[in-house]
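We will go from one stop to the next.

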Amino acid sequence: MRRYIGIFIAVVFLSIGSVGESAWQEEWDKVLKAARQEGEVAVSGPAGVQSRDALTKPFTDKFGIKVNFFGASGREISPRIMAERRARQYRWDVFVHGTTTGLTVMVPAGAFQPLRPALILPEVTDAKHWRGGGLEILGKGAEIGIMTPFQRGTIFYNTKMVNPKQFKSYKDLLDPKWKGKLAVDDPTRPGPGQATFTFFYLHPELGPDFIRALAKQDLRIQRDYTVEGDDLGHGRFPVLIGTADFLIELKMKQGLPIGIVDPRQLREGSDVSPANGAVAIYKGAPHPNAAKVYINWLLSRDGQRIFPKIMGYVSARNDVPTDHTFEWRVPQPGAIKTYDERAMRNKKKVISLVQSVFRRRR
């Protein structure tokens, strides 16, 4: 009798598994068919040839669906989208930018739809595939998925002018010898400079007092990532604080004498950020099925083997290699996040402080 009961239970579980598999497969086939009929998907993403290539051709090659790509920074895309929506124009399907734009502009404006209903593929929905036990989703309505949380570099240096081993703490930057010799990506506007100063602000061993002390070092305010990297590489200043990691790595590959201080040697570490690795679906997407197919592809192992590698990021998936970048980029346990709701709640305080202390430098 027990034997028959065991067989019955096994058959039931197999049947349940089969039903579950057929359910998602049936939904996926239906959505994919409709997406191909729509024929295209409109994606707004980070500017640059690298990001465009990562976010367009591989998807089109796999599914035969055209990608209309618009590349811009987060601070450029938000006013455009808001203006279009005021005119009742809904041109975009998928958002691939940073969480500052997403959480402070798009979510409050109701520009995104909840993300979870669009997730279909088991390799995307199954928590076991994600570092941290599941895809991290932010926003009051769970609208923004975090694809690429990685440990950021925060101190960059000219290898011909600086020995990086001297940096054991960010407080080493307060040494009088650095006065007038430090440059920083403008922390008063959205970007990596502001993210770095948000990290300083939130860190219990640094905080507002450290920011005030650092400002007294007569930092040179920079406002163009490419120029920042070039100026550092050509020795116009020896140390740069808080610029765009991926552009610095590109400059390094081009042969400029630039290095990044390993945050593991700094007592305070560094922050974790996805950079332009936040993804969402616009509300009123003109190609809703293609948007779902695109999101599932981008979050799949195939998509995550492409976008993070080309951008120099680290995928949140635990089945994607990280050997294309520095070992220290994999998030360290307990590292401060400068991209989540807590960071955004403190953003106004950070901006007010940096505007105050750097006013004389503007």
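Start by selecting Phe 112. Beyond its neighbours within four places in sequence, Phe 112 is in contact (heavy atoms within 4.5 Å) with Phe 95, Gly 102, Met 106, Val 107, Glu 143, Ile 144, Ala 280, Ile 281, Tyr 282 and Lys 283. A note before you go on: this is a predicted model, where local features need pLDDT of at least 70 and side-chain atom pairs count only at pLDDT 80 or more, while totals for chains, interfaces and linings use all residues. Residues are numbered from 1 along each chain as its sequence is written, and side-chain values use heavy atoms, with hydrogens and water left out.

Buried means under 20% relative accessible area, exposed over 50%, and partly exposed in between (1.4 Å probe, protein chains only). Helices (H or I, at least four residues) and strands (E, at least two) are DSSP runs, numbered from the N terminus.

**Stop three: ring pairs**

How many aromatic pairs are there? The count is 19. Rings of Phe, Tyr and Trp (its six-membered ring) pair if their centres lie within 6.5 Å; planes under 30 degrees apart count as stacked, over 60 as edge-to-face and the rest as tilted. Select Phe 95 and Tyr 282. They form an edge-to-face pair, 6.1 Å centre to centre, with 80 degrees between the planes. Phe 95 is in strand E3 (residues 94-97) and Tyr 282 in strand E14 (residues 278-282), 187 residues apart. Both residues are buried.

Move to Phe 167 and Trp 178. This pair is stacked, at 5.7 Å centre to centre and 25 degrees between the planes. Phe 167 is buried, and so is Trp 178. Then select Tyr 170, Phe 197, Phe 199, Phe 200, Phe 210 and Phe 358 together: ring pairs link them into a cluster.

**Stop four: charges over rings**

Here the rule is NZ of Lys or CZ of Arg within 6 Å of the ring centre and within 35 degrees of the ring normal. Arg 80 lies over the face of Phe 70, 4.1 Å from the ring centre. Arg 317 lies over the face of Trp 130, at 5.2 Å.

**Stop five: the largest pocket**

Which residues are closest to the centre of the largest pocket? Select Gly 191, Pro 192, Tyr 225, Phe 246 and Asn 276: of the 41 lining residues, these are the closest. A pocket is an open set of points on a 1 Å grid over the protein atoms alone, with protein on both sides within 12 Å along at least five of seven lines; lining residues have an atom within 4 Å of a point. About 880 Å³ of space lies in this pocket. The volume is the space filled by probe spheres set on the points, which are joined across faces, edges and corners. Helix H10 gives the most to the lining, with 4 residues.

**Last stop: a loop**

Select Ala 275, in the loop between strand E13 (272-273) and E14. Ala 275 has a positive phi of about 50 degrees, although it is not a glycine.

Key. On a 1 Å grid over the protein atoms alone, a cavity is a set of points where a 1.4 Å probe fits but cannot get out, and a pocket is an open set with protein on both sides within 12 Å along at least five of seven lines; lining residues have an atom within 4 Å of a point.
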